[in-house]
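This report looks at selected side chains and their surroundings in one protein model. Please have the sequence and the coordinates open while reading.

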Amino acid sequence: MQKLQTVNAETLLYEPLEKPSFVVDSLIPTGLSLFCGSQKIGKSWLMLKLCLCVSQGIPLWDMPTMEGDVLYLCLEDTFCRIKDFADRHSLAVIVVHHIRKQNDSDVFNKVSGTTGLTGSADATFVLEKEKRASDTAKLYVTGRDTPYQEYTLRFRDCRWELVERKTQEQLAKETIPDVLFRLVDFMRDKEEWIGTATELLAAMGETETIPTVITKWLNEYRTTFLSENRICYQYSRRKDGRRIALARRAGDSGDGGDSDIRIPPADCRNCHPHPLHDGHVDDDGVFGIPPSQEPSPSCRHSFIRSRKA
């Protein structure tokens with residue numbers, strides 16, 4: 001029996017690790033990739049385009065490729081044998097596979113066979129059309145060293161053309177409610193704002209959003225989108241009702257357009273001794289914080305304490 005090879009934490013910590021190598025920059029790493037799609041959707045055409053690009057060292061759409069020899073095999077083999085071969089020789093091997101007919105909210109769950117296939121692959125691709133007769137398709141990408149991406153492709157003249165590429169960050173930004181972008185604009189010329197959710201919506205001129213929804217979104221995006229745009233948010237319950245407090249952190253000039261929205265590393269937790277809410281849920285389903293959990297008196301964001309009657 002072969003002896004189990006172990007590595008202690010100290011050795012692993014100081015061991016220089018090589019960066020992952022990509023055959024197609026940021027898309028296809030060396031190792032085993034699983035490329036899946038329905039029958040006759042155009043998987044082979046896309047693989048042929050990939051082979052031509054890599055063999056000539058020309059970009060695949062807008063992504064550079066590592067020029068090298070390409071072997072295109074139209075055959076079947078065991079999954080484990082191919083994975084072992086790719087790892088031993090530092091090759092990028094792409095296995096073309098089918099997806100199931102059953103629908104699923106996660107496209108990667110549609111890969112035909114057991115979850116062991118996607119689990120052992122270094123990267124997984126799923127090509128899918130909304131309608132069979134359509135000339136456009138979505139290519140979904142995920143992997144160990146490959147960040148999640150989505151590509152919109154169009155099939156013309158026996159080849160797939162790139163229509164649009166969206167990174168994980170772009171996709172995450174698309175889920176942010178539009179009213180929060182308007183909130184950022186609302187706070188550009190203000191150091192702080194205090195009031196109820198209803199008063200906030202009225203001050204912003206919002207008529208399509210209800211108070212409980214804006215409070216929910218403020219809590220949900222407090223440590224991400226709001227913090228990224230230097231807005232501190234606090235919600236508390238007082239004798240005169242539930243209050244929202246917003247403040248701009250120092251360093252935000254408050255001028256400029258959407259291009260000034262940026263991502264700083266810190267958030268309000270740097271100056272608050274407690275989280276802005278502790279998961280407490282009020283009767284209306286809105287997150288809040290108990291009155292005892294307030295900002296430190298020395299914090300420049302302690303406007304709720306300083307304005308108490």
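The model is predicted, so local features need pLDDT of at least 70 and side-chain atom pairs count only at pLDDT 80 or more, while totals for chains, interfaces and linings use all residues. Residues are numbered from 1 along each chain as its sequence is written, and side-chain values use heavy atoms, with hydrogens and water left out.

**Helix H7**

Helices (H or I, at least four residues) and strands (E, at least two) are DSSP runs, numbered from the N terminus. A residue is called buried under 20% relative accessible area, exposed over 50% and partly exposed in between, using a 1.4 Å probe and protein chains only. In helix H7 (residues 197–204), Ala197, Leu200, Leu201 and Met204 are the buried residues. They line one face of the helix, because they fall within an arc of 95° when seen down the axis of H7; the arc is that of the directions from the helix axis to the C-beta atoms. An α-helix has 3.6 residues a turn, so residues three or four places apart point the same way. The partners of the buried H7 residues are helix H6 (178–186), strand S9 (192–195), helix H8 (211–220) and strand S11 (241–248).

**Aromatic pairs**

Rings of Phe, Tyr and Trp (its six-membered ring) pair if their centres lie within 6.5 Å; planes under 30 degrees apart are stacked, over 60 edge-to-face and the rest tilted. The count comes to six aromatic pairs. One of them is the tilted pair of Trp61 and Tyr151, with 5.8 Å centre to centre and 35° between the planes. This pair links distant parts of the chain, 90 residues apart: Trp61 is in the loop between helix H2 (43–56) and helix H3 (79–89), and Tyr151 is in strand S7 (residues 149–156). Phe155 and Trp160 also form a tilted pair, with ring centres 5.1 Å apart and planes at 55°. Together with Trp45, Phe155 and Trp160 form one aromatic cluster.

| Residue | Relative accessible area | Class |
|---|---|---|
| Trp61 | 17% | buried |
| Tyr151 | 0% | buried |
| Phe155 | 27% | partly exposed |
| Trp160 | 1% | buried |

**Charged side chains**

Lys190 lies over the face of Phe186, at 3.9 Å from the ring centre. A charge sits over a ring if NZ of Lys or CZ of Arg is within 6 Å of the ring centre and within 35 degrees of the ring normal.

Glu164 belongs to strand S8 (residues 159–167) and is partly exposed at 37% relative accessibility. Beyond its neighbours within four places in sequence, Glu164 is in contact (heavy atoms within 4.5 Å) with Glu150, Tyr151 and Thr152. From Glu164 to Tyr151 the C-alpha to C-alpha distance is 5.8 Å, and the two are 13 residues apart in sequence.

Arg249 is in the loop between S11 and strand S12 (280–281). Arg249 is buried at 11% relative accessibility, and its side chain reaches the backbone oxygen of Ser227 at 3.4 Å.

**Cysteines**

How many disulfides does a search of the whole structure find? The search finds zero disulfides, a disulfide being a pair of cysteine sulfur atoms within 2.5 Å. Cys51 is buried at 17% relative accessible area, and Cys158 is partly exposed at 44%.

Terms used. Polar contact = N/O pair within 3.5 Å; in protein donor to acceptor, adjacent residues only side chain to side chain.
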